[in-house]
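Please keep the sequence and the structure in view while reading.

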Amino acid sequence: MPRKVNYGPDYDDNYDEYDYGYEVDENETPPQKETIKHSVWRCSICTYDNDETMSSCDICGVLHGPLLNNSIYDKKRTANIFDLKSSRVSSTVVGRDEAVKVSSMRSDSSNQSTEKGKHNRLDEINILKNIEVGPPAGSRTSDNCSASVQEGWLGHVDESSVAVNLRSSGKSSLSLMPKERNVMVDDSSSSRNGGEANSLTSNLENISFAAKSRHSNDAKPGRAISRAQYKPEKWMLPEKAEHSLTQLNLAIVGHVDSGKSTLSGRLLHLLGRISQKEMHKYEKEAKLQGKGSFAYAWALDESAEERERGITMTVAVAYFDSKRYHVVVLDSPGHKDFVPNMITGATQADASILVIDASIGSFEAGMDGTKGQTREHAQLIRSFGVDQLIVAVNKMDAVDYSKERFDLIISQLGAFLRSCGFKDSSVSWIPLSAVENQNLVSAPSDFRLSWYLGPNLLDAIDSFQPPTREFSKPLIMPICDVIKSPSQGQVSACGKLEAGAVRSGSKVLVMPSATIATVRSLERDSQACPIGRAGDNIAVSLNGIDGNHVMAGGVLCHPDFPIAFAKHLELKVLVLDGATPILIGSQLEFHIHHAKEAARVARISFLLDSKTGKVVKKAPRCILAKQSAVVEVILQEAVCVEEFSKCKVLGRVFLRTLGRTVAVGIVTRIVEEQQ
Ligand code: GTP
Ligand code: MG
């Protein structure tokens, strides 16, 4: 069953290789002096001292300097050896017996909000003025100033992109409402699907409620307790034999029409997830509509519009088991209009397959700086923390399985991937043909591919390093979807458990309403499960809470470890190549985990030397492309947030304007927390 997601406006960034050189104002006295060791270079973003041989930061992936080596990619790299390190998992609930899609209200993912949407926003702001909100925020002095952030961001940045506007717009904000979650969903009352009035009202209610409940006994703010001091109970930790297969969330990304859905469908069919009977049905239906070549894609592209247009519009979720992993396939749309939807899948990924169309002209189109999505997708997934990548060079049949073509693609794309922060050792290159079933789950049978001696696609997937999970940390689950069934009085929060564990009867703190609820039951893969642990995509059915107080963009957390709710933040940002400069007063879209909010740049504190992390200028007036800086932003409404050093997933941000991403960054300090 398809479930879909659309997030925010699309954008079409031209990500070129980063070059961090920029002018230093000679007249300014750097307020900070640092000694840089001769053999290391300091990452300007995370301040990690990298060996001088590293072209990008070992921690966060930020490039040291302009791309140094565009030479032919080392051909030995066709074998895949992956680095350790990892990330997180998916967030959408995945059906065990069928492909599901993350659904969305806004299938057009239009670039701008509608006029009506704007009016809603204005109305909302006006109403907000009349709402009694809690006392002025207390200042929270961070124990982590910007310079102390030890973990990176670029290359991991945008956890946030799955943007759901907490406060703004019922209509124009993203909708994660599953289209066909027929069992539990009551469309008429969904918080997301329920129409703007409903959404607006409920959001406003949430605000006033949040303000009140902050002072109620329900929530027990325990911020004094450090997350490091948390001691998990025994049941929270997985027993070794309990799960034989680790879940691996695999985002399938790439330029439009590169064959992502066909590849996914073919893989599912080969692995027995799609029966012969179902396949015949797809073939027959596709032929009838004159789209015979899309038969495998139809297994994933289930909506009439997708089939008619022959493109994926929303993320399809399916799964299969490999030798090592329970693989959750997140088949993303490639069309540029649906980049925000692609982001949804990518933010959930532990690893990714970047699908390339090897055909003459098509690879080149994907690499086009302004129109191609190959570069953009690669950049985005790296920004979300994905550092393990398979490049599936598809449609090799269209180029006669030419080794020369494959090598050319490796040399051109390999250079770009390095510039994004992917390590050569974490990228494997697999030539294949989804349509002709070459090199998917067994060695190629076509003699024209006999020159290739590396692993097939399935083996390459099994070579991914298992993702690390934060089992023994306090619970954190950013909410990406809410399912309500008022008739049964049920509300479920869906998302990926980023840290900790829950089970029936657990008390959870629902942010930002700061209300304690009790877990009534859990579902994973559309089946009841007793315990959800870090890495699981679950639906958490809650008792003891008004459905209006559970919203996408919120977070379920441990009652003793409430996460912050703030709108005045200090960020360390990198303005992307080709992006418009950021000025004091710039109005931007601020994205963080599943939330987005309007933001104003209140202050540009320092311009940083991207190579050394040294402050090179105090209080500059603007940040130009490829420059990094410490800025303060004030959001229109508060969001659930944590400093990146404390919680990566709640501390990665990206800034957009006019449908384009202009900067990626991390939260270095919560300047003022809402009380
Ligand atoms: P979007 O989701 O819209 O970005 O497209 P996609 O990347 O999912 O591509 P899709 O699977 O829909 O395939 C697009 C076209 O490419 C279809 O006509 C497929 O039959 C064709 N195609 C996919 N794989 C191959 C392949 O290995 N060889 C050839 N020759 N064509 C292929
Ligand atoms: Mg597709």
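## His558 and its surroundings

Leaving aside residues up to four places away in sequence, His558 touches Tyr230, Pro474, Leu475 and Leu509, where contact means heavy atoms within 4.5 Å. His558 sits in the loop that runs between β21 (555-557) and β22 (564-575), and with a relative accessibility of 17% it counts as buried; buried means under 20% relative accessible area, exposed over 50%, and partly exposed in between, with a 1.4 Å probe and protein chains only. A polar atom of the His558 side chain also lies 2.9 Å from the backbone nitrogen of Asp560.

## Basis of the model

The model is a predicted one, in which local features need pLDDT of at least 70 and side-chain atom pairs count only at pLDDT 80 or more, while totals for chains, interfaces and linings use all residues. Residues are numbered from 1 along each chain as its sequence is written, chains are lettered from A and ligands numbered from 1 in the order in which they are written, and side-chain values use heavy atoms, with hydrogens and water left out.

## The protein as a whole

The protein contains 10 helices and 30 strands, these being DSSP runs numbered from the N terminus (helices are H or I with at least four residues, strands are E with at least two). Of its 675 residues, 62% are buried, and among the contacts with a separation of 6 or more, 78% are between residues 24 or more positions apart. The accessible surface comes to about 24700 Å², with 51% of it belonging to carbon and sulfur atoms; such areas come from the Shrake-Rupley method with a 1.4 Å probe, and for residues only the protein chains shown count as cover.

## Helix α8

Because 11 of the 11 residues of helix α8 (residues 373-383) are buried, this helix is largely enclosed by the rest of the structure. Its buried residues include Arg375, Glu376, His377 and Arg382. Just after α8, Gly385 takes a positive phi of about 100 degrees.

## The shell around ligand 1

Ligand 1 has 19 residues around it, of which Lys260, Thr262, Ser293, Thr312 and Asp397 come nearest; a residue is near a molecule if one of its heavy atoms lies within 4 Å of it. Helix α3 (residues 260-270) gives the most to this shell, with three residues.

Oxygen atoms of ligand 1 lie 2.8 Å from a polar backbone atom of Ser261, 3.0 Å from a polar backbone atom of Gly334, and 3.0 Å from a polar side-chain atom of Asn394. Taken alone, ligand 1 exposes 650 Å², and the protein buries 91% of that area.

## Asp337

Asp337 is found in the loop between β8 (325-331) and α6 (339-347), and its relative accessibility of 24% makes it partly exposed. Its C-alpha atom is separated by 8.5 Å from that of Met313, which is 24 residues apart from Asp337 along the chain.

## Cysteines

A disulfide is a covalent bond between the sulfur atoms of two cysteines. A search of the whole structure finds zero disulfides, a disulfide being counted as a pair of cysteine sulfur atoms within 2.5 Å. The closest cysteine sulfur to that of Cys494 belongs to Cys480 and is 6.4 Å away, which is too far for a bond. Cys494 is buried, with a relative accessible area of 0%, and Cys420 is buried with a relative accessible area of 1%.

Definitions and conventions
A polar contact is a pair of N or O atoms within 3.5 Å; within protein, one must be able to donate a hydrogen and the other to accept it, and residues adjacent in sequence count only if both atoms are side-chain atoms.
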